[in-house]
Amino acid sequence: MQEAKIKFDHVTKIFETRSQTITAVKDYSMEIQAGEFISILGPSGCGKSTLIRMLDGIIDTTEGDILIDGVKVNHKGKKMPSSVLRKLGFIFQQPNMLPWYTVRQNVALPLRVFGLKGPEWDNRVEELLEMVGLKEYADAHPNEISGGMLQRAGVIRAMVHDPEILLMDEPFGALDEMTREQMNMELLEIWEKTGKTIIFITHNIEEAVLLSSRVYVMGTNPGRLVETVTLDLPRPRKLSMITQKDFIEYRQLLESYIGEIDLSKIK
Amino acid sequence: MNMKKKVTSIVAPVVTFLLIFAIWEFACWFYKIDAWFLPKPSEIFRSMIVDFGEYWPHLLVTLQCVLTGFLIAIPVGLLLATLITSFPLLNAAMSPYITFLVTTPLVSLIPLLMLMMGYGMNMRITTVVIQSFAVINMNACTGFNNVPTLRRELMQSMGASRLQTYRMMILPSAATDIITGLRLAAIFATTTCISVEYNAGNTGLGSQIIKYSQYLQTTKSFACIFYVTVIGLIMYGLITLLQKKIVSWEE
Amino acid sequence: MAQSTPVRRTPKKERDPKRIIAPLVVLAVLYIGLEIFLRVFNVAAYVMPTPTHIIQATISSFHIILPDFLFTLKIICVGFCIAIPAGILLAALFSQFDILVKAMQPVVIWLVITPMITLIPLMTLWLGTDPNLRVIIVIIQATPIICLNTLNGFTHVEREKLELARSVGASKLQTFVSIIFMNALPQVFTGIKLGCIFSTIGAVSADFVSRGQGLGDRIIKFTKYSNFEESYGCIILIALIGITLYTVVEMIEKRIVLWKK
């Protein structure tokens, strides 16, 4: 069998303060193959953001292993090595641009940090800017362009060092509905073209069904995996599909899981 | 509309200053106030120009003291703030003392510093440095400690080194707070320098203000005070220039 | 419609015992370290007396210091307490008219960048030698900085908030008190805290020039007669006045400005 691209093996994260202990993620396991587009769906506070932050070495794990290409990458108290981080691109909920750099400098930031120099990388920056239509705004500062453009810049910043895996933390959650739909379609296009592995975090059921091949549903208190749903919908996905029968059934199925979680919370 | 706004924001203060000096001038003339008590502004300005040769060396001494002290205080304050905020334990241990240093009028050390270091430039600059580095340090610490979490995570997600994180993200994030600190430090530097000159020796504008007021040459005292304003303006201008250069991305 | 939710990763910050213990450890280390260092290297008392000597000497001479301490405390507190309403009221007045803001802001800046302590020698000329007049120095030294910060707060109110006030038909006074003033509170407190620092510097400088009374005068006297331990004691007392005032202001700020972290 093909080795999983990403594997979470019984991962637990516990935050401890003096007065309380919070289990943000409990005993979480999943396997993702190369080139898959999967979503992690759950209400706020279910630990989904913690999950991908552990994968990206921003937060330590408390227990369990995270493997990329079969190699354990989480080592407590140690920074994740650059060689691993280079395989990952992180897209934040907000554009998270550094306001003192131009759009181009922001996009090229990972190249500077990873020490990737040379004309081929410079060209890549230009290509990506071109791809998302930011070419003419490349020398603008982030406060001069719109939120949608900024988030596009955020997406290509995460891709500039050519990572194999994209981690997206509710990337379009801060945008208005229309821009968000458009961005989702653009994202699908990018994925189909590049074949990257994508982990997409969201609390929007429709978005999860529209984009991904598999949805991991998480619940709260403690944050844990509730259900895995494989979506058997044709690709390429289109916005028009949201009114089709299959789509609606999947949506209702996922809604029922999320609903159960909410009920259990009330108890 | 915008043009009009711009014009008012220049004209209004000019008119105000003219008005203040006009009223002052008129009051002195109308009530026949003696020059030793309150000189006319016109007399003060005349003296600033006519007796410039007399003030010049002292202006230079004060300016040199304020500027040198200020320029030393900047790296001292910034380096200390960087060091303190780099280690959580040190941050916790030092934070009350940073406030303590700022709230203590370190000018009270002047008599002792005079004894240790004499009346010369070294002692004056030292006093200016210790009074003004503290506020730079405090503001820089605030800036460094309030860096948004998301920006930290961005640098972490790329595995940036400490130096890279500091240079690319932390320092620019704190720039606005640092500039605020510099602005305050400039005021502290000028104030402290005058306070030192009141006590130490007979050079510098502060010493001259005292000397002239003792001889009832109030016009000259005021001329010196206005030259202190000139120093304040120079400092203010320098920092505004720096601000435009460094935090140009704002606005 | 889906709302974006902020990510909560680390639970709310609480009072960490480290923040109390660590500074105390620093104090202990500093005290013992200085004590040992100064004794071992035989540092002259005029450079730095040992902490124990400072405390001993200050306690035994406290009856001499006390009147000056009380005097300086009075000057700073009275001056500071007058400067606060003065600064805020001036700012409130200016902020009522756009043109007045534009006209007066540079004047306030002028008063801030020119240390008002430059007027100390002239004050004696104008008002005589009564030491209590040093209150005036404290007031004119602290008022401009309070006024400048407050004015900044008063003139930077988000338009939405003002429109909200207008939409509910609030009067000018209501708008000012409940929107503009509340909104500016963080800046007002910044101004007050700075004013507190300016007050102490003003008071000590006034003591230095006018002499006769006050902790600043006492420091000069002690230094002149080589009682360096007491000089340092006086400096610590002034520092205590400064930090106490500052802490009180900060505590009030925390009580009032709840929405600021």
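A residue counts as buried here if 20 or more other C-beta atoms lie within 10 Å of its own, as exposed if 12 or fewer do, and as partly exposed in between, with C-beta atoms placed from the backbone. Helices (H or I, at least four residues) and strands (E, at least two) are DSSP runs, numbered from the N terminus.

This is a predicted model, in which local features need pLDDT of at least 70 and side-chain atom pairs count only at pLDDT 80 or more, while totals for chains, interfaces and linings use all residues. Residues are numbered from 1 along each chain as its sequence is written, and chains are lettered from A and ligands numbered from 1 in the order in which they are written.

**Chain B**

Let us start with chain B, which has eleven helices and zero strands. Its C-alpha trace spans about 75 × 60 × 30 Å along the principal axes. Of the 251 residues in chain B, 45% are buried. Two residues are in contact if their C-beta atoms, placed from the backbone, lie within 7 Å. Among the contacts in chain B with a separation of 6 or more, 77% join residues 24 or more positions apart.

One helix to look at is H7 of chain B (residues 149-157), where Arg151(B), Glu153(B), Leu154(B), Met155(B) and Ser157(B) are buried. The cover over these buried residues includes H2 and strand E6 (88-91) of chain A, together with helix H8 (162-173) of chain B. After H7(B) comes Gly159(B), with a positive phi near 65°.

Now for a helix pair. The axes of H2 (residues 41-50) and H11 (residues 218-246) of chain B come within 9 Å and cross at roughly 70°. Axes are lines fitted to C-alpha atoms, for helices over the stretch in contact, and angles run from 0 to 180 degrees between N-to-C directions. H2(B) and H11(B) are therefore roughly perpendicular to each other, a term for angles of 65 to 115 degrees. On the H2(B) side, Glu43(B), Ile44(B), Ser47(B) and Met48(B) take part, and they meet Thr219(B), Lys220(B), Phe222(B), Ala223(B), Phe226(B) and Tyr227(B) in H11(B).

The A–B contact takes 19 residues from chain A and 13 residues from chain B. Helices H2 (82-85) and H4 (109-114) of chain A each supply at least two residues of the chain A side, and H4(A) gives the largest share, three residues. The C–B contact takes 47 residues from chain C and 45 residues from chain B. Helices that each supply at least two residues of the chain C side include H1 (18-40), H8 (172-210) and H10 (228-256) of chain C.

**The sheet of chain A**

In chain A, four strands form an open antiparallel sheet in the order E2-E1-E4-E5. Strands E2 (21-32) and E5 (71-72) of chain A stand at the edges with a single partner strand each, so one side of each has no neighbour in the sheet. Strands pair if DSSP finds at least two bridges between them; E1 (residues 6-16) and E4 (residues 63-68) of chain A pair over five bridges. Lys7(A) has Leu67(A) in E4(A) as its bridge partner. Helix H1 (residues 48-55) of chain A lies across E1, E2 and E4 of chain A, at about 65° to E2(A).

Key
Angles under 35 degrees count as roughly parallel, over 145 as roughly antiparallel, 65 to 115 as roughly perpendicular and the rest as oblique.
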